[in-house]
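Subject: Structure for you to look through

Hello,

Here is the structure I promised you. Please open it beside this email and follow along.

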Amino acid sequence: MRAPILAFLALLTGSPVPGTTRVNEMSGCIASDHPICVALRADEPKEREAAVRQAVRETLLSSELESRDKAWGILTEIFWKTDLYPYLDLLDAFKPLAQKNQNVADLADLVEVNFAPRSRRIELLAPLILSGSGRLPRGTILLRTSAIEVAARQGLVEFLPAVTAYLAVLEPERIRARRLISVPALFELCGGAASRSDATVVALRRLLAIEERTLENRFPADEGFREAVFSLEYARCPLGVEKEPESCALLRQIVARQLEYRGTPPSPAAIPGESTDWVVRLQEILSRY
Amino acid sequence: MSRIQTLSAVFLRSVLAVMALGVTTVHAVGQTAARRFSIDPCSLPDLGFSGGRGWVQGSPGRYFVILTNLSAKPERELSVADGLSGHKPGETILLGIDIRSREGERPSYPVAVRVTVTGGREGSVRPAGASYRCREIAFFWNRRDGSRLEPGVEKIELTVDSPARLAGFLPDETVPRRTRPLWATTGQLRIDFGETDAARDEQHRDGEAEYAIRPEGVLAVDSASKGIPNPFLNIKAASEFFGPNLEPASFSPILEPFRAYVAVRNLKEASDAIPAVGLTRREKGDLLTSGESILLRRLGSSTIFIGSFIVLPEGYPDSATVPGRLLLSPVLSVPLGLGTIEVREAKPD
């Protein structure tokens with residue numbers, strides 16, 4: 001029964017090309033004119049990849065210490081949300097040039113486990129999730145709980161039975177303490193995503209497919225679901241741009257549809273992020289930047 | 001270093017620190033056809049223990065573990081000093097785990113237990129009734145269900161899987177001049193337990209116990225044949241001490257109770273037993289144990305007499321109630337037979 005479900009989820013998600021993160025999706029590069037950031041702003045994926053490779057070579061692998069340090073600073077700011085997998089070879093090449101406090105192995109490992117092709121990410125996460133032991137290829141320790149969250153956030157539903165078995169032996173308080181309360185809902189929403197970058201779009205499409213009344217009931221009642229939705233990796237959604245990220249368009253649709261369903265506008269929160277109204281929270285995410 | 005680099009390094013370190021807290025290493029054994037994405041049951045539920053080693057750290061803890069061999073007939077409580085014996089390699093033994101206070105009460109809080117098989121080759125452990133085999137398991141001995149505490153896993157199965165090794169022969173305690181084999185320790189069964197706090201995902205180690213596993217082999221028809229170890233071969237008139245596996249004794253540090261042996265050659269003694277007393281002294285020479293009775297029994301029909309006693313670290317809880325015990329300083333290196341332990345022939349009243 002699981003195989004058809006996985007096939008269906010895969011069909012739903014499409015297949016974005018790895019390494020396609022653009023600069024408007026990364027906070028670390030927004031106001032920077034560093035060559036890497038400039039290169040990341042290119043529209044066309046192939047052109048962007050070539051430009052970023054050149055920029056990384058010229059800065060991170062430069063013979064000048066200051067240039068290398070600046071490039072490293074940029075990369076450590078953006079690596080969490082930016083797909084640096086196409087440049088993994090350059091990160092590895094930087095290792096012999098790195099200073100002691102520049103932990104290249106950890107950064108490269110995290111880039112690989114977050115942005116490698118799906119099958120590779122599954123291969124890397126499997127020992128960590130299934131046996132709770134092991135390390136990433138360059139020696140980085142990733143806790144099982146972190147590995148589970150990474151898998152859920154990337155929609156790697158292959159791990160869902162194992163994670164369900166794992167959660168089944170834990171008390172609800174312990175699941176909360178291990179910060180895994182949103183994991184089932186993350187699998188539900190992001191399941192089958194082709195990449196970490198498109199998991200949010202997949203999740204928002206699913207959210208939009210849930211009828212308004214169900215959402216009104218589920219958000220207040222289901223803490224894990226609520227936390228999963230609020231913790232998705234949202235792109236910047238600036239108004240008035242020609243081509244906004246798909247996740248922004250989906251989020252606007254969800255909010256607009258729900259407001260129409262309610263008929264009355266929600267009261268804005270006195271303190272941003274503190275509203276108990278989930279629609280207000282989504283509105284805040286939309287207007288965050 | 002630039003400000004950006006400093007901030008980035010701090011951010012990366014904090015991300016990695018969150019990810020690197022407390023890794024548990026566990027291994028499943030004997031699972032050759034595990035499904036690709038099946039979770040290793042031995043690795044559940046990821047319980048780490050923190051806190052010092054019970055009494056050594058000066059906090060004896062109110063509770064202690066009682067391990068009962070439920071496969072033995074009659075069932076018998078295992079002592080840490082003697083460990084688990086009487087089972088052949090390959091046998092699976094049902095063990096009951098109880099945790100009680102000295103007043104006999106169960107803990108009033110949820111308790112987590114970790115059981116580890118160390119040493120040996122393929123020895124394994126699992127919750128009773130489970131189909132898998134592990135070198136280490138952790139489980140909830142009891143769990144909170146609302147305001148009540150529900151029993152959790154209270155029985156485990158230990159599979160003894162190391163080949164037996166004969167340590168030597170000792171006098172039989174029941175029939176004079178008869179000998180019995182002592183099977184050597186091939187591994188240990190270690191139990192850690194403590195209060196578990198689900199909301200904080202923490203386990204505090206309240207106590208631990210380590211039991212020697214002594215698989216029992218089959219004796220050759222001719223016990224006097226070559227290859228049978230005889231550690232007492234060169235015993236002289238002065239007493240000599242031997243460790244739990246009849247090895248020449250030198251123990252350091254002493255953290256758990258264990259059984260040790262003393263042997264002496266007596267050419268004149270006509271009876272089969274010599275009453276003796278054991279004394280121990282602290283490093284500075286003051287008496288720690290005075291006059292503990294030890295009966296030296298004749299080994300077969302030889303002129304060698306052997307007695308046994310339990311060595312306990314000073315300060316060990318309930319040490320006064322352990323018969324035949326000799327106390328020793330727990331953390332210092334204590335070479336036996338250098339005046340720290342003495343066994344003297346008891347003078348008749």
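A disulfide is counted when two cysteine sulfur atoms lie within 2.5 Å of each other. In general terms, it is a covalent bond between the sulfur atoms of two cysteines.

First, some ground rules. This is a predicted model, where local features need pLDDT of at least 70 and side-chain atom pairs need pLDDT 80 or more, while totals for chains, interfaces and linings use all residues. Residues are numbered from 1 along each chain as its sequence is written, chains are lettered from A and ligands numbered from 1 in the order written, and side-chain values use heavy atoms, leaving out hydrogens and water.

Disulfides

The whole structure has 2 disulfides over all chains. One of them joins Cys237(A) and Cys248(A), with the sulfur atoms 2.0 Å apart. This link is left-handed, at -85 degrees about the S-S bond. Where do the two cysteines sit? Cys237(A) is in the loop between α14 (223-230) and α15 (246-262) of chain A, and Cys248(A) is in helix α15 of chain A. They are 11 residues apart. Helices (H or I, at least four residues) and strands (E, at least two) are DSSP runs, numbered from the N terminus.

Salt bridges

Over all chains there are 39 salt bridges. The rule wants a side-chain nitrogen of Lys or Arg within 4 Å of a carboxyl oxygen of Asp or Glu. One of them pairs Arg144(A) with Asp46(B), at 3.2 Å from N to O. Arg144(A) lies in helix α8 (residues 144-153) of chain A, and Asp46(B) in the loop between β1 (28-29) and β2 (63-69) of chain B, so this pair joins two chains.

The two domains of chain B

Chain B is assigned domain 1 (40-214) and domain 2 (240-345). Such bounds come from an automatic or database domain assignment. In chain B, 25 residues of domain 1 are in contact with 26 residues of domain 2. Contact means heavy atoms within 4.5 Å. The two domains of chain B bury about 2,100 Å² between them, 59% of it on carbon and sulfur atoms. Buried area is the accessible area (1.4 Å probe) that two parts lose on being put together, summed over both.

How many salt bridges cross this domain interface of chain B? The rule finds 2. Asp82(B) and Arg259(B) form a salt bridge through their side chains, at 2.5 Å from N to O. On the domain 1 side of chain B, β13 (166-171), β14 (179-183) and β16 (202-215) each supply at least two of the residues that touch domain 2. The largest share of that side, 5 residues, comes from β13(B).

Most residues other than glycine have a negative phi, and most peptide bonds are trans. A cis peptide bond joins Leu44(B) and Pro45(B), with omega about -5 degrees. Pro45(B) lies in the loop between β1 and β2 of chain B. Another cis bond links Lys73(B) to Pro74(B), with omega about -5 degrees. Pro74(B) is in the loop between β2 and β3 (76-77) of chain B. Arg177(B) has a positive phi, near 70 degrees. Look for Arg177(B) in the loop between β13 and β14 of chain B.

Best wishes
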